[in-house]
Amino acid sequence: MHLTALQPVTRGPATDLRGLLLPAITRLPRLWWVPLLLVTVLGGVLRFVNLSWPHAVVFDETYYLKDSYSLLLNGTEQQWPSDADEAFAAGTPPTTLDEPSFVVHPPVGKWLIAGGLWLFGADDPFGWRFSAALFGTVSIAVIFAAAWLLFRSITLATAAGLLMTLDGLHLVESRLALLDIFLMFFVLLAFVFLLLDRDDGRRRLVARFSPHGMGPWLGIRWWRIAAGVACGLAVGVKWNALFLVAALGILTVLWDMNARRIAGVKQWFWGAVVKDGLPAFVAMIGTGLVVYVITWTGWLTTANGYDRQWAEQNPGEGLQWLPPALRSLWEYHVAAYTFHAGLDSEHTYMAGPALWPILARPTSYFYESPERGVDGCTVDSCSQAILNLGNPAIWWVGIAAVVFALVLWLVKRDWRLGGLLGMYAAGYLPWFLYPERTMFYFYALAFFPFMVLLIVGVLGVLTGRLGVAGFGDIAGTPAARNRFISRVWARRWTTVGLVFMSLVVVCAVFFWPVWTGRTIPYDHWHWRMWFDSWI
């Protein structure tokens with residue numbers, strides 16, 4: 001059943017509202033947990049094996065390791081002696097100086113790193129990197145859940161988990177004490193919560209349905225509140241999560257708007273704005289703001305944080321309607337924003353957003369050149385490298401998948417492709433607004449999960465596993481009745497999909513040494529540097 005866009009559905013007395021709004025009942029296979037367990041365990045092994053190597057403070061670990069340990073010791077970030085990195089690498093962490101440190105990222109990611117330090121100590125890199133490896137591993141299970149909720153296919157969910165498991169950017173960020181893996185995790189988790197809320201909200205609409213006026217109020221949406229918590233934590237890692245949080249908020253209201261329209265609510269637009277949109281703002285943005293402020297508890301409850309006494313020292317300045325502690329916190333945020341907005345210093349591995357999808361300039365985190373007899377080197381010259389290079393098979397196919405999904409969405413308006421494209425765009429396109437800012441490839445990790453989901457969604461369409469529902473099609477229409485291609489071509493594309501997944505595995509094996517700092521002959525390292533810009 002195809003409907004003219006933006007026209008409400010006229011329901012007859014025999015129309016099954018549940019069939020219009022809810023997905024067809026798709027039961028999980030009896031052993032659904034086996035592929036989930038396998039891809040998650042595989043991801044965990046790849047992320048935890050030899051996690052202490054390299055036994056050195058790598059790249060931006062110099063900031064986040066020390067900030068995290070300072071949070072654990074003092075509740076706020078303090079400055080360190082100049083030889084702190086060497087002391088950490090030697091297994092003898094020093095003490096902080098009695099002077100606050102100006103840091104420009106919120107504390108959530110650093111508190112999570114501090115959790116690993118508390119559990120395993122700061123005298124070994126395993127403790128520094130434990131939390132990143134844990135959240136990177138769990139994110140594989142989360143994307144499995146996202147793919148299932150979107151596509152109702154264990155095969156596609158397993159493919160999504162495997163792609164995340166075998167990607168180099170995700171793997172490298174999971175093996176170092178850096179922040180972006182936490183940001184990615186909480187954004188993806190919020191997306192999963194909103195997928196659960198979408199189904200729950202439609203069930204509530206069915207149960208309380210009334211076509212009159214703006215339709216029914218759907219009650220307290222607990223999954224939306226959970227999404228708000230996740231959003232607050234995401235912003236509490238890095239502020240660039242705000243673009244993705246805004247997209248999530250718009251997306252969930254659009255889903256409700258379409259549900260009211262399809263159900264035949266007379267004033268479906270205003271019903272979605274007033275009875276869904278305003279409560280969604282409170283549930284997500286309100287909850288997220290409260291959670292975000294709570295994450296600053298260490299700074300708020302101590303007296304020695306940077307700018308902590310600003311309100312007392314500047315009694316007539318700032319936002320006077322806020323209490324002193326929050327007025328100081330606001331001023332701190334103003335200073336941090338000014339830093340971010342003006343960050344334009346040159347860096348060897350800086351890369352603008354146009355370069356990210358094509359892997360034109362990955363970031364080198366670590367490089368050493370041991371000689372024969374050192375660190376297992378058996379030739380005259382060896383290399384040890386950590387390059388946050390995405391798996392080329394995934395990222396280059398991802399470009400084609402995004403383009404195909406966009407064309408398909410323009411033709412069919414499938415809500416799943418539309419939502420994933422929106423999240424991909426929200427994580428990617430805003431960076432083009434700051435052409436002068438210093439940027440790096442690893443910023444792309446925030447939208448990477450949505451690229452993965454687009455890849456498996458497109459594979460599902462091309463292989464006939466996934467039906468494409470139009471803007472107003474019945475939600476539960478079986479895939480067989482909405483096939484995009486013929487069965488013959490579906491079989492051919494299944495072969496292509498298997499070849500693609502095989503290439504992903506081959507690339508992962510090939511690049512594993514330069515993702516993890518293995519000692520390999522220099523020539524072997526150079527074989528893996530396909531382009532000069534990778535060096």
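Helix H19, which covers residues 487-516, lies across strands E2 and E3 and runs at about 90° to E2. Helices (H or I, at least four residues) and strands (E, at least two) are DSSP runs, numbered from the N terminus, and the angle, on a scale from 0 to 180 degrees, is taken between the N-to-C directions of axes fitted to C-alpha atoms, for helices over the stretch in contact, where contact means heavy atoms within 4.5 Å.

This is a predicted model, in which local features need pLDDT of at least 70 and side-chain atom pairs count only at pLDDT 80 or more, while totals for chains, interfaces and linings use all residues. Residues are numbered from 1 along each chain as its sequence is written, and side-chain values use heavy atoms, with hydrogens and water left out.

## The sheet

An open sheet is formed by 3 strands in the order E1-E2-E3, with antiparallel pairing; two strands pair if DSSP finds at least two bridges between them. Strand E1 (364-368) and strand E3 (519-521) are the edge strands, each pairing on one side only, and the twist averages 35° from one strand to the next.

Strand E2 (residues 382-387) is joined to E3 by 3 bridges, and Cys 382 stands opposite Pro 521 in E3.

## The nonpolar cores

A nonpolar core is a set of buried (under 20% relative accessible area, 1.4 Å probe, protein chains only) Ala, Val, Leu, Ile, Met, Phe, Trp, Tyr and Cys residues joined through side-chain atoms within 4.5 Å. The largest has 141 residues, of which Phe 191, Trp 356, Trp 395 and Leu 453 touch the most other members, and helix H9 (residues 180-207) gives the most to this core, with 15 residues.

A second, separate core of 14 residues includes Leu 21, Leu 205, Leu 218 and Trp 268.

How values were computed
Buried means under 20% relative accessible area, exposed over 50%, partly exposed in between (1.4 Å probe, protein chains only).
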